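Reader: I am new to this structure and would like to learn how its features are read. Could you take me through them slowly?

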Amino acid sequence: MITIALSKGRIFEETLPLLAAAGIVPSESPEASRKLIIGTNRPDVQLIIVRASDVPTYVQHGAADLGVAGKDVLIEHGGDGLYQPVDLNIAKCRMMVATRVGFDYATAVQRGARLRVATKYVQTARLHFAAKGVHCDLIKLYGSMELAPLVGLADVIVDLVSTGNTLTANHLVAVEEIMTISSRLVVNEAAMKLKHATLQPIVEAFRQAAGG
Ligand code: AMP
């Protein structure tokens, strides 16, 4: 059995054409069925539906052979035990630093001010500000980061930005791009060796469907 870990929503929807290219069609939608294990047209392939940030963990421990995870999630996880053969170019967005409208980020950085940074992406934020030589206090949040600068919890946030609508709606502005983000195919390193004959064609189909 080959098990593929996916998260609901954008990653699931944008992975469907890649699965189809590998001849894999889910037998139902996770949104409709609420099932966490979903069969496919192939008796030897099943999907498991997990939180986006849990995909690398399932694949690392071999509970799934393959998975699709955002670069943001992979950086936070660390990538141990994972082979990352293909950038799928899906679920694209940007990791940004954002502040309240009116907060003078450039001057604060220039003056060497200590910044309070609220984020779910502490690893990414730590590396980014360390590389800039900016001292910061990291405040770990699990969601609704946009609120933090509005209520005085933080000076800046580090978050994913897609359309920018969420920032605008909360009177925030993006002041710096940290990196562009897309989702990658991840493979359990041991499975890639032990189940090579079955996994390799799936990896290749994903690679070709993703455009290289
Ligand atoms: P937007 O308003 O389109 O800029 O979207 C921003 C909100 O969606 C923020 O709360 C982000 O954390 C979240 N978001 C945007 N893109 C992604 C993505 N590719 N994966 C997960 N969350 C995202």
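Reader: Is Lys 132 buried, partly exposed or exposed?

Author: This is a predicted model, in which local features need pLDDT of at least 70, side-chain atom pairs count only at pLDDT 80 or more, and totals for chains, interfaces and linings use all residues. Residues are numbered from 1 along each chain as its sequence is written, and side-chain values use heavy atoms, with hydrogens and water left out. Buried means under 20% relative accessible area, exposed means over 50%, and partly exposed lies in between, with a 1.4 Å probe and protein chains only. Lys 132 has a relative accessible area of 34%, so it is partly exposed.

Reader: With which residue does the side chain of Lys 132 meet in a salt bridge?

Author: Side chains of opposite charge can pair when their charged atoms come close. The term salt bridge is used for a side-chain nitrogen of Lys or Arg within 4 Å of a carboxyl oxygen of Asp or Glu. Here Lys 132 meets Glu 176, at 2.7 Å from N to O. The pair links distant parts of the chain, since Lys 132 is in helix H6 (residues 122–132) and Glu 176 in strand S9, 44 residues apart. Glu 176 counts as buried, because its relative accessibility is 17%.

Reader: How many salt bridges does a search of the whole structure find?

Author: The search finds ten. One of them joins Arg 114 to Asp 137, with the closest N and O atoms 3.0 Å apart. Arg 114 lies in the loop between helix H5 (105–110) and S6, while Asp 137 belongs to strand S7, 23 residues away.

Reader: In what order do the strands of the sheet follow one another?

Author: Strands of a sheet pair through backbone hydrogen bonds, either parallel or antiparallel. Helices (H or I, at least four residues) and strands (E, at least two) are DSSP runs, numbered from the N terminus, and two strands pair if DSSP finds at least two bridges between them. In this model nine strands form an open sheet with mixed pairing, in the order S2-S3-S1-S4-S9-S5-S8-S6-S7. The edge strands, each pairing on one side only, are S2 (37–39) and S7 (136–140).

Reader: How many bridges join strand S6 to S7, and which residue in S7 is the bridge partner of Arg 116?

Author: Five bridges join S6 (residues 115–119) to S7, and the two strands run parallel. The bridge partner of Arg 116 is Asp 137, the residue that also forms the salt bridge with Arg 114.
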